[in-house]
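Q: Could you take me through the surroundings of the ligand in this model, step by step? I am new to this structure.

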Amino acid sequence: MRVNPDRPTTPAKPLSHLTNADLHCHSTVSDGTLEPEAIAERAAANGVELWALTDHDEVGGQHRARDAAHARGMAYLTGTEVSVTFADETVHIIGLGFDPDDAALREGLARTRGGREERAREMAAGLAQVGIHGAFEGALQYVSNPELISRTHFARFLVERGHCADTGEVFRRFLTNGKPGYVPHKWARLGEAVGWIRGAGGVAVIAHPARYSRFTPTMEYALFTEFVAHGGQGVEVITGSHTAADSLKYADVALEFGLCASRGSDFHSPLESRTDLGTLPDLPGRLTPVWQMLAGRVQWPTAAPREHASA
Ligand code: AMP
Ligand code: MN
Ligand code: MN
Ligand code: MN
């Protein structure tokens, strides 16, 4: 690869809790609507300084994302969002700063993706029972990665067909627990997900904790306790899913459990996402940013040949 001598080899600006970091978003490699390069473009235009692409159960976009970040002068952390089943609920665990070529991580994620097609066929059968036909094929039209058919793709199809006004309504009426297109699914175990991420040199982070509204306070306490016991080290405090009150609550939880804090929009699409890349509130100064813990894993735009850069 050609070396650009003008590229800085050291950070232009030190990392702090005020760094505009966006460490949660999705591309066409999972259920986002933009290619990794287009997200990088949008993130850079919005002032993001440190970016991670965190596709669901996938690391297939990581090299493209890193190259696109560097081409726009942004620092990059590798990322993924692992689907986990904990106490019969789906919990999402973000992995950051891992080696994307780690064999055990890749194998674990492939296994986690494995049941999606069969689940999708069952979802389509459930929807057919309420008169919505052809949903499997319809959802597939929105899928770029055949291993990653998700509820989001079904939601886009149902909106296209006029069954609902927006994807949020589709989830409420058709795709959540007890609704016709909902199929319970066993994802990875919490300890597996944390283990894959840590084994690949990364940090595991509980994503959007306020979204697990079916958990009692006891179950939430169990989630955080077991997460820490497995080696988890972070929690998303500032996310597109949180109200200001949620962020305050989980800032306290981070301190209580000795976790560092992450910040990410969970951006999926210009048309669907309420929170755009890089437009979140700052991380509270009393918390330790996850990017401080991961300082040695941040990939700066650099003159070093990319093939040999560490992950
Ligand atoms: P899946 O992994 O197939 O279960 O799909 C989960 C994805 O569905 C999440 O990552 C979100 O992108 C999306 N999602 C979940 N709940 C909602 C909701 N209420 N409104 C819109 N999108 C949602
Ligand atoms: Mn998603
Ligand atoms: Mn999530
Ligand atoms: Mn997400």
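A: Three helices, α4 (116-129), α6 (151-160) and α7 (167-175), each give at least two residues to the shell around ligand 1; helices here are DSSP runs of H or I with at least four residues, numbered from the N terminus. This is a predicted model, where local features need pLDDT of at least 70, side-chain atom pairs count only at pLDDT 80 or more, and totals for chains, interfaces and linings use all residues. Residues are numbered from 1 along each chain as its sequence is written, chains are lettered from A and ligands numbered from 1 in the order in which they are written, and side-chain values use heavy atoms, with hydrogens and water left out.

Let's meet the shell itself. Ligand 1 is surrounded by D31, H56, H92, R116, R119, S150, R151, T152, G168, F171 and H268, where a residue is near if one of its heavy atoms lies within 4 Å. One of these residues is nonpolar, six are polar and four are charged; Asp, Glu, Lys and Arg count as charged, Ala, Val, Leu, Ile, Met, Phe, Trp, Tyr, Cys and Pro as nonpolar, and the others, Gly among them, as polar.

Now for some individual distances. The side chain of R119 has an N or O atom 2.7 Å from an oxygen atom of ligand 1. For H268, a polar side-chain atom lies 2.9 Å from a ligand 1 oxygen atom, and for R116 the distance from such an atom to an oxygen of ligand 1 is 3.0 Å. Of the 500 Å² of accessible area that ligand 1 has on its own, the protein covers 78% (Shrake-Rupley method, 1.4 Å probe).

Key: A polar contact is a pair of N or O atoms within 3.5 Å; within protein, one must be able to donate a hydrogen and the other to accept it, and residues adjacent in sequence count only if both atoms are side-chain atoms.
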